[in-house]
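Take your time with each task before reading its solution.

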Amino acid sequence: MQARERLPAKGERILSLKGVSKRFGAVSALTEIELDVHAGEVVALVGDNGAGKSTLVKVLAGVHQPTEGTIEYMGRPVSFDTPASALEMGIATVFQDLALCENLDVVANLFLGHELSPWRLDEVQMEVRAWTLLKELAARIPSVREPVASLSGGQRQTVAIARSLLLDPRIILLDEPTAALGVAQTAEVLNLIERVRDRGLGVIIISHNMEDVRAVADRIVVLRLGRNNGVFTADTSHQDLVAAITGASENSVSRRQDRLQAEAGGAST
Amino acid sequence: MSGKPTLDRADARVRHDDSLKGAFREFTDRLRSGDLGMLPVIVGLILISVVFSTLNPVFLAPNNLVNLLFDCATVGVISLGIVCVLMLGEIDLSVGSMSGLASAMIGVLWVNAGVSLPLAILAALASGALIGALYATLYNRLGMPSFVSTLSGLLAILGLQLYILGPTGSINLPFASPLVGFGQLWILPAWLSYLLGALPAAVMVWVGLSVMKQRQAAGLSSQPLTRLMLKAVALTVALEGAIFYLHLGRGVPVMFALFVLLAVVLNYGLTRTQWGRSMFAVGGNKEAARRSGINVRRIYLSAFMLCSTLAALGGILSASRLASSSQQAGTGDVNLNAIAAAVIGGTSLFGGRGTAWSAVLGIIVIQAISNGLTLLNLSSSLRYMITGGVLAIAVIVDSLARQSRVSHGRG
């Protein structure tokens with residue numbers, strides 16, 4: 001808990017992975033990964049299937065322990081033995097399946113496991129804090145007393161992110177936050193990510209959607225076959241990103257594009 | 001609602017039903033989406049009283065209703081425990097046997113072995129807690145489905161009951177003892193039952209007003225005062241009316257008051273404490289509850305232990321009601337009645353939904369049917385068939401309501 005005592009200044013390095021490797025038997029899921037996260041920045045982790053993104057998230061969330069390498073958090077080496085210890089230090093994870101209880105209302109879900117006054121639930125105080133938090137995030141939840149089952153996908157994502165913020169984390173990890181969402185809802189979640197960043201938190205976002213990644217990420221870290229394969233900025237061209245992800249400038253995506261261009265060229269002449 | 005809207009009323013998309021008409025609209029909306037609440041029970045009770053009182057007017061006689069309440073308390077206490085395990089989407093099929101074992105323990109320890117009564121009661125309750133802990137351990141550590149563990153428990157505990165009763169098979173409890181008096185004779189004094197009848201509304205108004213003040217101070221909307229007062233008045237009239245009618249006969253049994261008290265305590269636990277919130281969460285989505293930092297194993301342990309302990313208490317009450325511990329105690333339809341009562345009252349078999357009051361209302365329905373059929377001199381064969389049919393209907397209503405809730409987005 002000592003690490004939580006002060007808020008990091010904007011731009012200060014919160015989390016730093018040095019040479020982190022994770023092996024499952026003979027398989028190297030991660031090899032010597034380097035990753036820095038600063039306060040008030042959005043870092044996107046991209047990579048193809050099997051690149052090691054999920055393993056890296058699980059290492060950061062305390063689900064897996066790295067085989068080698070060090071994790072520095074707020075300037076001191078740490079180890080996350082359990083999900084609870086990662087959470088306690090200030091790393092909150094929003095998993096892809098959100099893990100909300102559909103039969104409970106928004107307030108109950110936000111405070112689940114951390115209710116105010118356990119022997120005489122302070123519903124009024126919880127509701128006020130829920131509304132205040134949702135207002136700060138400019139989230140459009142119609143009513144916090146409706147069961148979560150009645151909310152849309154984007155609203156549920158908002159509730160899940162708001163819940164992770166309630167524990168006052170320094171870093172939040174979002175696993176595929178926009179994968180199941182429509183156009184408008186995706187935009188709302190991206191806005192939400194920017195507002196979380198503006199509160200001075202470090203955000204790590206995993207996504208397959210290059211458009212979303214480029215829209216919000218300050219840095220894009222590409223993983224390929226469990227290794228770092230370059231760090232890019234949002235204005236890197238799509239081709240370069242795809243080349244880094246697939247590991248070759250000659251890949252199925254570029255071949256398809258070339259074919260389409262050739263067909264278009266052939267049709268015009 | 002003029003001027004600046006309160007914190008929770010800023011979104012124009014949500015309709016807020018404040019007026020009486022609004023309250024009615026909210027109620028019909030809820031029904032349509034499959035959130036039936038207490039409605040099936042109330043409809044059922046009206047139907048039952050009309051049918052049985054036309055067949056035999058004795059059914060609605062005050063003293064018959066007093067007997068009905070005595071009978072409700074024994075199985076009703078067991079049903080309170082069933083609410084706890086159903087809430088988690090689990091089941092305990094051995095509550096009947098457990099109540100039989102507790103009843104046998106009272107007879108053997110108290111009457112035969114001469115152990116003092118409080119100690120015998122304590123031992124019976126402790127054995128219930130122990131068996132509940134065993135089920136929870138089998139579930140938590142070995143992943144044994146509660147359906148199977150409690151089904152084997154049903155037989156094993158019944159065996160234990162027969163074993164400790166020995167060849168005599170039946171032990172009569174001394175009729176002059178306070179235990180039998182409690183189960184057969186004790187009635188609340190009239191002034192006390194009228195006072196208790198007024199208590200719920202008083203608490204309702206008091207809590208309602210203080211919540212209203214807190215919410216206004218916090219900038220939240222609060223329910224209109226008239227609605228609170230109307231609810232309180234309606235509740236008081238209904239309760240005092242019922243108490244008045246019962247006092248035309250013998251009055252309100254102390255045993256029934258104990259049952260209601262236990263229901264009140266359980267209701268508080270489920271709705272106003274972190275434990276209750278965790279029960280709903282584990283029943284709704286176990287994985288989500290675990291990731292929120294809830295100790296899921298401890299929740300299962302608490303539910304199974306509570307269920308078996310309440311089953312043991314129900315067994316003690318039935319021993320006092322029948323003034324005997326016998327091989328028949330806890331067999332027959334006790335299991336089914338306890339489970340059916342919880343489901344009829346509105347606790348879902350699928351977990352995550354339910355209230356302590358469902359046990360109270362459900363057991364009144366079940367016992368009313370059983371009592372009415374007995375008055376018609378129908379054999380137990382017919383009684384079993386009819387009670388089985390009622391349970392089937394209750395489960396069908398539960399599944400249909402659940403499908404409707406899912407399609408209306410109400411979890």
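**Exercise 1: a sheet and its helix**

In this predicted model, strand E4 (residues 68-73) of chain A pairs with E5(A) in the antiparallel sense, through three bridges. Starting from this pair, work out in which order the strands of the open sheet lie, and which strands are at the edges.

*Solution.* Next, widen the view to the open sheet, where four strands of chain A follow the order E2-E1-E4-E5 with antiparallel pairing. The edges are then strand E2 (27-38) and strand E5 (76-78) of chain A, each of which pairs on one side only. From one strand to the next, the twist averages 25°.

**Exercise 2: two crossing helices**

Describe how helix H4 (residues 95-112) of chain B and helix H13 (residues 296-322) of chain B cross, and which classes of residue make their contact.

*Solution.* Start with the axes, which come within 7 Å and cross at roughly 55°. Because angles from 65 to 115 degrees count as roughly perpendicular and those under 35 as roughly parallel, H4(B) is oblique to H13(B). The crossing of H4(B) past H13(B) is right-handed. Now look at the contact: H4(B) contributes residues including Met98(B), Gly100(B) and Ile106(B), while those from H13(B) include Ala311(B), Gly315(B) and Ile316(B). Sorted by class, the contact has ten nonpolar, eight polar and no charged residues.

Terms used: Residues numbered from 1 in each chain as written. Chains lettered and ligands numbered in written order. Predicted model: local features only at pLDDT ≥ 70, side-chain atom pairs only at ≥ 80, totals over all residues. Pairing = 2+ DSSP bridges. Axes fitted to C-alpha atoms, helices over the stretch in contact; angles between N-to-C directions. Parallel < 35°, antiparallel > 145°, perpendicular 65-115°, else oblique. Left-handed = near helix turned anticlockwise from the far one by under 90°. Contact = placed C-beta atoms within 7 Å. Nonpolar A, V, L, I, M, F, W, Y, C, P; charged D, E, K, R; others polar.
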